[in-house]
Protein chains: 2
Amino acid sequence: MSTKKSKKLDLILEEAAKLFRQKGFAGTSMRDLAERIGIDAASMYHYISSKDELLRTICFNISNTYISQLAEIEQTEATYAEKLKALVRLHIRIMIAKSAEVSVTNNDWKYLAEDSLSRFKEQRKKYERGVAALLEKGVAAGEFQAVNTSVALFTILSAVRWVELWWRPGREISTEELENSIITILFKGLEK
Amino acid sequence: MSTKKSKKLDLILEEAAKLFRQKGFAGTSMRDLAERIGIDAASMYHYISSKDELLRTICFNISNTYISQLAEIEQTEATYAEKLKALVRLHIRIMIAKSAEVSVTNNDWKYLAEDSLSRFKEQRKKYERGVAALLEKGVAAGEFQAVNTSVALFTILSAVRWVELWWRPGREISTEELENSIITILFKGLEK
DNA sequence: GTCTATAGGCGGATAGAC
DNA sequence: GTCTATCCGCCTATAGAC
């Protein structure tokens, strides 16, 4: 019974992410969502306490995934270039595995309520600082060109962000080719 | 008098873009906007016909700017690498000149009404095809590495997109340094 | 657990006075 | 041109029956 409840909650979260991506958090009503689930809007409040809770759960699930994966990479023995490349590959994989959730987190985090919003921003800042540190150490170690750290940071993070806008299951391009192409452009450059 | 009306309309559009960026199109009410302008919500309907019109105007202004600038670049005599770099610089400049408008266009285009939405998507597709053609010709001419065209296309477009999320007037980094850093990463690569 | 009914609020937009 | 007043619809969320 508690299992059943979890299953349904998972379904609600999954459909919520899909709808939020499609129509935006503010553009999605609980009635829309309920219709997808096949119950009445009022019945959903048996599983959740508010619409905000849905967004909060989605955003922090993704945010926490990023943070714990960065922590894992930091602990490995590898060059900074290897660590950064591993991070890029992980970003792409998370996006493919949870494309709707990532999309919502990227675009609708601003609709988080006061408390969660500031917590979310803090986490994101912390994550960005972690990646920036990898870049700076890489430059110090002579592995990277001496470009502006912030610019490099956001160029990398953005270069993986678009995958969410573009990738759909069954695309003719494989995950591996996708990862390799992005890494080639970012680390070796487009120009011959 | 028609000048006065234009001036106020421009002000409304400008404040609308700022608010939409901050709180999202759906999260912004006409009452919010009116307060910024210093008049009552009802009075704004003297200048505009609907909230939708504001979004439509913002999105198509930006979209048209991109398209006409691509057309100009296509006509120049230059290598494909030079054309692409010029395009990247223009993207960055538009973003700095009209950061709120670009932000809204990037994030809230999905709230466009039926008709405008499909027109907008068509324009975007057309633009993307134009940039993709530059890439493909560049590969054919031996200027670029033979990476997947779509991946290269979206990596470039995304790499300039983040500027909108990050750049603020008075940042310690100059426009030139910003442009040069992004172009270095994209075309020469991060790795030494 | 799911429903019907509905409270209560906010939103876009209009009517019409001044 | 700007206001006040207001319509009307949609929204989130709750109450309470079954």
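This is a predicted model: local features need pLDDT of at least 70, side-chain atom pairs count only at pLDDT 80 or more; totals for chains, interfaces and linings use all residues.
Side chains of opposite charge can pair when their charged atoms come close. Across all chains of the structure, a search finds 12 salt bridges.

One of them links two helices of chain A. Glu179(A) pairs with Arg89(A), and their closest N and O atoms are 2.8 Å apart. Because Glu179(A) belongs to helix H10 (residues 175-188) and Arg89(A) to helix H5 (residues 80-97), the pair ties together parts of chain A that are 90 residues apart in sequence. The two partners can also be described by their accessibility. Glu179(A) has a relative accessibility of 2% and therefore counts as buried, whereas Arg89(A), with a relative accessible area of 26%, is partly exposed.

Chain B also contains a salt bridge, between the side chains of Arg89(B) and Glu179(B), with an N to O distance of 2.8 Å. Here Arg89(B) lies in helix H5 (residues 80-97) of chain B and Glu179(B) in helix H10 (residues 175-188) of chain B, so this pair ties together parts that are 90 residues apart in sequence. Arg89(B) is partly exposed at 26% relative accessible area, while Glu179(B) is buried at 2%. Returning to chain A, salt bridges with shared partners join Glu15(A), Lys18(A) and Arg36(A) into one network.

Glu15(A) counts as buried because its relative accessibility is 13%, and the cut-off for burial is under 20%. Lys18(A), at 35%, is partly exposed.

Val104(A) is part of helix H6 (residues 99-108) of chain A, and its relative accessibility of 1% places it among the buried residues. Leaving aside residues up to four places away in sequence, Val104(A) touches Ala17(A), Phe20(A), Arg21(A), Leu55(A), Ile58(A) and Trp109(A). Val104(A) and Leu19(A) are 85 residues apart in sequence, yet the distance between their C-alpha atoms is 9.3 Å.

Residues of chains A and B together form a positive patch: Lys121(A), Arg124(A), Lys125(A), Arg129(A), Arg168(B) and Arg171(B). Among them, Arg124(A) lies in helix H7 (residues 114-140) of chain A and is partly exposed, with 31% relative accessible area.

Terms used:
Residues are numbered from 1 along each chain as its sequence is written. Chains are lettered from A and ligands numbered from 1 in the order in which they are written. Side-chain values use heavy atoms; hydrogens and water are left out. Patches are made of residues with over 30% relative accessible area and no salt bridge: like charges are joined within 9 Å, nonpolar side chains (Val, Leu, Ile, Met, Phe, Trp, Tyr) within 5 Å. Accessible areas come from the Shrake-Rupley method with a 1.4 Å probe; for residues, only the protein chains shown count as cover. A salt bridge is a side-chain nitrogen of Lys or Arg within 4 Å of a carboxyl oxygen of Asp or Glu. Lys and Arg count as positive and Asp and Glu as negative; His and the chain ends are not counted. The place of a charge is taken as NZ of Lys, CZ of Arg, CG of Asp or CD of Glu. Helices (H or I, at least four residues) and strands (E, at least two) are DSSP runs, numbered from the N terminus. Buried means under 20% relative accessible area, exposed over 50%, partly exposed in between (1.4 Å probe, protein chains only). Contact means heavy atoms within 4.5 Å.
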